[in-house]
Amino acid sequence: MKASAGLDLFKTPLVLKIAGFTLITLTFFYLGKHWSSNGDQQVLFFSSSPGTSVGVSPNYGKSFNVPVPPASTSPASDSAAVEQPPPPPAKELDRTFGIIDGDGKMSDDFEVGEVDPEVVENWGNETEIDSGAGEGSRAKVKRFELCPESMREYIPCLDNVEAIKKEKELNCLVPPPKGYRQPLPWPRSRDEVWFSNVPHTRLVDDKGGQNWITKAKDKFRFPGGGTQFIHGADQYLDQISKMVPDIAFGNYTRVVLDVGCGVASFGAYLLSRDVVPLSIAPKDVHENQIQFALERGVPAMVAAFATHRLLYPSQAFEIIHCSRCRINWTRDDGILLLEVNRMMRAGGYFAWAAQPVYNLFAEMLNLTTRLCWELVKKEGYIAIWQKPKNNNCYLSRDEGVSPPLCDQDDDPDKVWYADLKPCITRIPENGYGANVTAWPARLHTPPDRLQSIQMDAYISRKELFKAESKYWSEIISGYVRAWHWKQLKLRNVLDMKAGFGGFAAALIDHGFNSWVMNVVPVSGPNTLPVIYDRGLLGVMHDWCEPFDTYPRTYDLLHASGLFSVERKSVRCNMSTIMLEMDRILRPGGRAYIRDTLDVMEELQEIANAMGWHSALHDTSEGPHASYRILVCDKRLLRS
């Protein structure tokens, strides 16, 4: 009777319902566990190619991680699949350098030694195919070989006639010199650098007696002197300030061009006066001037006054300085000084220190008078002229006086492969370029020349200017929090597609002790005048060509929206740009590439083929945004 009752109990509807619910629950649990093991996949739908009726997502078979600031990570390996890219290399970022002193406290009083073994990688020159992009990869990229040792200071545009003709592109990885070490941090690098990083003693032999540079054991030291300021650049700068107080370093004068810079001590000491200098010199008999400057952490580029305009805009510099720069300014009716006049801001100054050639001073005075420059002060071997603030003097000259004014339709900001012109650049009648705000307010003040930029703008240009600044300020704040950028000790930074310079301005606002070279690609609007009016540095460049600098120049390369634009232009392969990035990035340096999702697979594949350790991250907009961030670390490759 009891058994029969128990059997009836299991036949009741309530029990059947409970059993059915339990079975369904277990089934969903199993299915959920099964699908979750496949990762956080996304499905996106869009139109497919003609002739098909079903659209297949480009994300099929791939997944993208949502980055969470990690406690510790390890860099991506060459064979890591895109499906599960490793988190960013925070292990290096969080490291505290130091030694334990006698009291058990951490001290930074120690000697920086060899390159961290974690950033050294044996590379060799095998011909294997890299598989870093995963099974769903569009294509495979052959691993790039190391270039010969003879190319360790290779500048394609200067060292290779074939490269100049664009008949041959760099297709290997430029190696560092033997014994290469992590550069000393700023401000220590102002006074000394590792000999092994720039192993050349020619300048020591030629200029050691002029207080330029000395060698002490395993370092080069820079006493701060120069041929014309043997007692030190600081004393020389004080003298200039007393000669012309209106120069006002760090207030009126913010951006300075130093021509024929030597080892850039003039620029190095200007930095402490809240002035950003740009040191330029050709690759001549003292071919490593610019390399020393960059190793010291001073802004510099390889450049020379020749037949083309320099790649800087009109009215860029408050002061242009030449101290024994070996340029005959009066030749060819002053065509080289006319280029100086183009780049010098209205009301700006030209400082010339050249004692041994003052027999040319009469010729120089005659030429500068015809240029309407005023000799403000001459003291000893230093002469300082001022450029006029308007065209009144030019228009009142006698008829037939040379050089003439340039035509009204001449664009003084057209600099890419533009020939020098034997005429005086007109100053805008509206005062654009002459009336800049004093530093530091000018960093965030929309300049007048913002209105003259040729670009498609659907809202106020001032609103675009302010929006860009706000955007990059928020981005850098996120980088500081999530990726600990303040611990990276960034010094030399390159922004490869700078816009109005908002990225560089954000680094200044966040207190980074770095300088930024803002590159304006020829494929976009020429915003260089705005960048200089903000008190920043910049240059025009075509990224399908080599950049005018030495290998191992920069600690950080930043590229936002560059590759998607260049790929549409179909002018060069993305590997061409990436190999140039590898050439100019220091071992241990980083590249942050922020671009559309459709270029990221190929970029990550190329990065792995160059020996970079890369990781793909979502932006702050989340996993469904069309942009991603590719974070790359460059390793020191040894054959």
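# Disulfides and salt bridges in a predicted model

Reader: Which cysteine forms a disulfide with C393?
Author: A disulfide is a covalent bond between the sulfur atoms of two cysteines. A pair of sulfur atoms counts when they are within 2.5 Å. The sulfur atom of C393 has such a partner 2.1 Å apart, and that partner belongs to C372.

Reader: How many residues apart in sequence are the parts that C372 and C393 tie together?
Author: The torsion about their S-S bond is about -80 degrees, so this disulfide is left-handed. C372 lies in the loop between α12 and β12, while C393 is in helix α13, so the pair ties together parts whose separation in sequence, in residues, is 21.

Reader: Is C372 buried or exposed?
Author: The cut-off for buried is under 20% relative accessible area. C372 has a relative accessible area of 9%, so C372 is buried.

Reader: What is the handedness of the disulfide of C406 and C423?
Author: The sulfur atoms of C406 and C423 are 2.0 Å apart, and the two form a disulfide. The torsion about the S-S bond is about 90 degrees, so this disulfide is right-handed.

Reader: What is the relative accessible area of C423?
Author: C406 counts as buried at 3% relative accessibility. C423 is buried as well. The relative accessible area of C423 is 13%.

Reader: How many disulfides does the count come to?
Author: With the bonded cysteines numbered in sequence order, the pairing is 1-2, 3-4, 5-6, 7-8, 9-10. One of the disulfides is formed by C322 and C325, with sulfur atoms 1.9 Å apart. The count of disulfides comes to 5.

Reader: Which residue forms a salt bridge with R442?
Author: The whole structure holds 27 salt bridges. In the one formed by R442, the closest N and O atoms are 3.5 Å apart, and the partner is E318.

Reader: What is the relative accessible area of E318?
Author: R442 counts as buried, at 1% relative accessibility. E318 is buried too, and its relative accessible area is 0%.

Reader: How many residues apart are D533 and R345?
Author: D533 forms a salt bridge with R345, the closest N and O atoms being 2.9 Å apart. D533 is in helix α16 and R345 in strand β11, so the link joins distant parts of the chain, and the separation in residues is 188.

Reader: Which residue meets D533 in a salt bridge of 2.8 Å?
Author: D533 is buried, with a relative accessible area of 3%. D533 and its partner are linked in a network of salt bridges that includes E318, R345 and R442. The side chain that meets D533 at 2.8 Å, N to O, is that of R449.

Reader: Which side chain makes a polar contact of 2.9 Å with the side chain of D555?
Author: D555 is found in strand β17 and is buried, with a relative accessible area of 15%. The side chain of D555 reaches the backbone nitrogen of R491 at 3.1 Å. At 2.9 Å, the side chain of D555 is joined in a polar contact to that of R586.

How values were computed. Residues numbered from 1 in each chain as written. Predicted model: local features only at pLDDT ≥ 70, side-chain atom pairs only at ≥ 80, totals over all residues. Heavy atoms only, no water. Helix = DSSP H or I, 4+ residues; strand = E, 2+ residues; numbered from the N terminus. Buried < 20%, exposed > 50% of the residue type's maximum accessible area, 1.4 Å probe, protein only. Polar contact = N/O pair within 3.5 Å; in protein donor to acceptor, adjacent residues only side chain to side chain. Salt bridge = Lys/Arg side-chain N within 4 Å of Asp/Glu carboxyl O.
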